[in-house]
Amino acid sequence: MAWVNQELRELTYPLLADFTKQVSKEYGVLLERLGAALRGTFLIGPDGLVRAYMVQDLTVGRSVDEILRLVSALATGKLCPAGWRPGEPFLPPLPKNTGE
Amino acid sequence: MTVQVNSPAPAFELSGVVGKKFQKVKLSDYKGKWVVLFFYPLDFTPI
């Protein structure tokens, strides 16, 4: 709490403690030898399904822009080409595979 | 990795800080919303 009050100030999202490391283990991001979690980011849809995840090593921070881009793209439910950004055109829907 | 894209995210319930209060948060509280769940190692390091 001191961390929130003195440094983080107005934290607009919940900050949770995975004290038993159970959750980081289940999500596959626990480094057992260090007892710490990798920088894992999981995008979970309104239906509770995992829609994307990224895990990088300890040395490199995340890109918030990329996370927001992915959520925006996933939330459209449309086909988004590589590097798609909000406002850009979608790809046309794939033709139904007739099996021929 | 036990987590797979297009599969249900593992449920959890953890205590933490929400605003200025301690409370329990579970993943299912966010049903119907997009969730960005992120893990970070070691407090006081850049996320």
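Before I point at anything, a word on names: helices (H or I, at least four residues) and strands (E, at least two) are DSSP runs, numbered from the N terminus. Residues count from 1 along each chain as its sequence is written, and chains are lettered from A, with ligands numbered from 1, in the order in which they are written. Also, please keep in mind that this is a predicted model: local features need pLDDT of at least 70, side-chain atom pairs count only at pLDDT 80 or more, and totals for chains, interfaces and linings use all residues.

Okay, chain A. It has three helices and five strands, and if you read along the sequence you get the pattern α-β-α-β-β-β-β-α. How much of chain A is buried? Let me say what I mean by that: a residue is buried if 20 or more other C-beta atoms lie within 10 Å of its own, exposed if 12 or fewer, and partly exposed in between, with C-beta atoms placed from the backbone. On that count, 18% of the 100 residues in chain A are buried.

Next, contacts. Two residues are in contact if their C-beta atoms, placed from the backbone, lie within 7 Å. Take the contacts in chain A with a separation of 6 or more: residues 24 or more positions apart account for 11% of them.

Now for the two chains together. Contacts between them involve 38 residues of chain A and 32 residues of chain B. Which element gives the most to the side of chain A that touches chain B? That's β4(A), with six residues. By class, that side has 26 nonpolar, seven polar and five charged residues. For those classes, Ala, Val, Leu, Ile, Met, Phe, Trp, Tyr, Cys and Pro count as nonpolar, Asp, Glu, Lys and Arg as charged, and the others, Gly among them, as polar.

The chains also share sheets. Two strands pair here if DSSP finds at least two bridges between them. One open sheet has three strands in the order β5(A)-β4(A)-β3(B), with antiparallel pairing. At its edges stand β5 of chain A and β3 (35-38) of chain B, each with a single partner strand, so one side of each is left without a neighbour in the sheet. On average, neighbouring strands in this sheet are turned by 15 degrees against each other, direction ignored. For angles in general, axes are lines fitted to C-alpha atoms, for helices over the stretch in contact, and the angles run from 0 to 180 degrees between N-to-C directions.

Zooming in, β4(A) and β5(A) run antiparallel and are joined by six bridges. You can find G40(A) opposite V55(A) in β5(A). And what packs on this sheet? It's α3(A), which touches β4 and β5 of chain A together with β3 of chain B, and its direction makes about 20 degrees with that of β4(A).

α3(A) has 13 residues and reaches 19 Å from its first C-alpha to its last, close to the 18 Å expected at 1.5 Å a residue; the expected span is 1.5 Å times one less than the number of residues.

Two bridges join β1(A) to β1 (residues 13-18) of chain B, and L16(A) has G16(B) as its bridge partner.

Last stop, a few single residues. K21(A), in the loop between β1 and α2 of chain A, has a positive phi of about 65 degrees although it is not a glycine. K21(A) is partly exposed, with 15 other C-beta atoms within 10 Å.

Over in chain B, N6(B) sits in the segment before β1. N6(B) isn't a glycine either, and its phi is positive, near 80 degrees. Buried or exposed? N6(B) is exposed, with 8 C-beta neighbours inside 10 Å.

Finally, L58(A) is in the loop between β5 and α3 of chain A. Not counting residues up to four places away in sequence, L58(A) touches L38(A), R39(A) and P41(B).
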